[in-house]
Every structure is written in C-alpha cells, then in structure tokens.
Amino acid sequence: MRILVTGGAGFIGSHVADLLIENKHEVFVIDNLSSGRLENLNSNARFFKEDLCDYEKIEKMFGENRPEIVYHFAAQIDVRKSVENPVFDTKNNILSTINILELCRKYKVQHFIFSSTGGAIYGDADEIPTTENYKEKPISPYGCAKLSIEKYLHYYNFVYGLKYTALRYSNVYGPRQNPHGEAGVVAIFLNNMLNGKNPVIFGGKQTRDFVFVEDVAKANILALNDNKSDIYNVGTGVETDITKLFFKINNFFNNGFKEIHLEMKKGEQMKSCLSFDKIKENLAWMPSWNIDEGLKRTYEWFEKSR
Ligand SMILES: NC(=O)c1ccc[n+]([C@@H]2O[C@H](COP(=O)([O-])OP(=O)(O)OC[C@H]3O[C@@H](n4cnc5c(N)ncnc54)[C@H](O)[C@@H]3O)[C@@H](O)[C@H]2O)c1
C-alpha cells in the first residue's frame, strides 16, 4: 500500500517506516527535520522535507502520491516547551494535524493512525495501571493538544467516515531517540554518561512506564488491522522510578556516576503506568522487551553511534 509517515525522520516514526518497508509497503515521509535526522531515514522511503503547517506544499505531495494510509508522528513533543509556549505547541500539534486530516478527507485516505500519549493525557491518575476508560485530565498544553486531536478523529470518523486508530504510548525509549531535548530521560542519561557528564535526577521518585521502541513500532503495524476506529494504550504495565532507572543505566558504566538530585520540575507528574489489556485483546499486541533488555540494546546503540 502507499503509506505516508509524517515525522518519519524522527525516533518512533523512523522505526515504523523501517517495518513498513520490510513489509513491502511504499513509504513516503514528510518531516521538517526540526528534531528528526536524515540518518534515521530509510533509504527506500521517498522523502519530502516540508512543514505540516504549510498546507499548499503538503497538498501537492498528497495530489501527486495519493497515500492510502497515514501514520502521523510529526509533533512538538516537549511537554515543558508546551508549557513555556502554548501557541507554538498548538500550531505544531493541533493546526498541523488539522491540515493533514483535511487532506485525508479530501483525498479519501482509508486509515489514519495517530501517535497519542498515555501519560500526558491521563495526568496524575489514581488508577494504576491506567486503562483507556480513565477520565482524561491533561495538565499541560501538550496533553490538551493530544486529547483534542483524539476528539477531532472522532469528528472526522463520524462525519466523513475516516477510519482512525489512536495509540496512547507511555514513555518510549530506544535507539535513535534524540538526547538533545528535554524529553526522553533514557537518551539524556545515556548521552550524558557517554560524554563523561554526571546526569542530574530532577526529583527521582516519579514513576514512568518505559516501553521499548521496537514494541511500539509493532503496535503501529498491528493497528492496520483495527477495524473499529478506537483508542489503545501502548505500555508495559510496569512502573519504574527515575532513581531506579539511573542505577540501571549507571550499571553499564560500572556504577561510575554519582546519584545527584535536584528539585522536581513544577507541574511534572508523579506517576504514569498504562494497562495494555485492551490492545492485547483487540490487536494481539503485548510488550516483548523488558526494561533490562531494552536498556542494554539502547546503551549498545548509543555507544556504537557516538
Ligand atoms: N517518545 C515518547 O515517549 C512519546 C510518548 C508519547 C507520544 N509520543 C508521540 O509520538 C510521536 C513521535 O515522537 P518521537 O519521540 O518519535 O519524537 P521525534 O521528535 O523524534 O519525532 C517527531 C518528528 O516530527 C518532525 N516534526 C515536528 N514538527 C513537524 C512539523 N510541523 N512538520 C513536519 N515535521 C515535523 C520532527 O522533525 C521529528 O522528526 C509524537 O507525536 C509524540 O508526541 C512520543
């Protein structure tokens, strides 16, 4: 099939593009390279360096290539940046998505697969692991944007029949994650340590549900079988606190780094952990990597690609 992957030069999008190409699909990538990198791009994908906010350019690409399926990864992914500049976040997360949804409607795309978020949508949930039925309470513009897009997906489905699947990821980690932003604690710790810098733990007692990127990529492929237009968590159901994560990574460096804490950033969530029961039942997905194996693979990749 002809498949468009927005954000396909980024961390998760590039892994999904690889799997789609392995499965013999024809893949087009749109990415403005704001955080993505050309070296992540699969050489068999056709690449368009465009910004999703530029409707005319994206429409030209749609008209010429007529994608049948759209995977939408492109986004401003930094929660702290969304708090500092909600207008920028809205433009890059909501308006850009409406542009692409309008084109999906106009060019009769069959299925829209959206990268949503579990953690930032549920907020500090008192149901752990959190299920999809939990009342969403986003506490950042980033979380509000993701939830709002899910509502738009319902609208496009109801009014125009555009099939959708929204995947609410927990904290994704693995090879190719960009360590230079504020997001992605595994990549940030690894990058610091490989450069001989002691990482700082902001808080430390907060827990997160770390899911390996290859598992997330598989969930995206299985989403092609979703006939219901639905929302699914993609997480492991296992909570790991940030201090414990630091020690696990420090192990790769013979415990050579010190445990240094600073105050937790304001507005940060204390807990995040997702139930994967629904996606297991409906799409036969389960995580296959545990955190120790996933961290080892990630460490090896960062070490090799320095
Ligand atoms: N990484 C996680 O833990 C996580 C968790 C939950 C949800 N998500 C979602 O998954 C998706 C992919 O995240 P990622 O971690 O791979 O991030 P990433 O930053 O590596 O990928 C995003 C890609 O989109 C591109 N991009 C950004 N704005 C664009 C625009 N306006 N036009 C065109 N391209 C644009 C970037 O250059 C980048 O290549 C995002 O939608 C993110 O919100 C990620």
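This note goes through the fold, the domains and the ligand shell of a predicted model.

1. Basis. Residues are numbered from 1 along each chain as its sequence is written. Because the model is predicted, local features need pLDDT of at least 70 and side-chain atom pairs count only at pLDDT 80 or more, while totals for chains, interfaces and linings use all residues.

2. Fold. The chain holds eleven helices and 13 strands (DSSP runs, H or I of at least four residues and E of at least two, numbered from the N terminus). Its radius of gyration is 19 Å, close to the 19 Å that the globule rule gives for 306 residues, so the chain is as compact as a globular protein of that length (taken over C-alpha atoms; the rule is 2.2 Å times the number of residues to the power 0.38).

3. Burial. Of the 306 residues, 44% are buried (20 or more other C-beta atoms within 10 Å of the residue's own, with C-beta atoms placed from the backbone).

4. Domains. Domain 1 covers 2-170 + 212-236 + 273-287, and domain 2 covers 185-207 + 239-272 + 292-304; the bounds come from an automatic or database domain assignment. Their contact takes 13 residues from domain 1 and nine residues from domain 2 (C-beta atoms, placed from the backbone, within 7 Å). The C-alpha centres of the two domains lie 26 Å apart.

5. Ligand shell. The ligand is surrounded by 29 residues, and the closest are Gly 7, Gly 10, Phe 11, Gly 36 and Ala 75 (C-beta atom, placed from the backbone, within 6 Å). Elements giving two or more residues to this shell are helix H1 (11-22), helix H4 (86-106), strand E5 (111-117) and strand E7 (171-173). H1 gives the most, with three residues.

Conventions: A residue is buried if 20 or more other C-beta atoms lie within 10 Å of its own, exposed if 12 or fewer, and partly exposed in between; C-beta atoms are placed from the backbone. Two residues are in contact if their C-beta atoms, placed from the backbone, lie within 7 Å.
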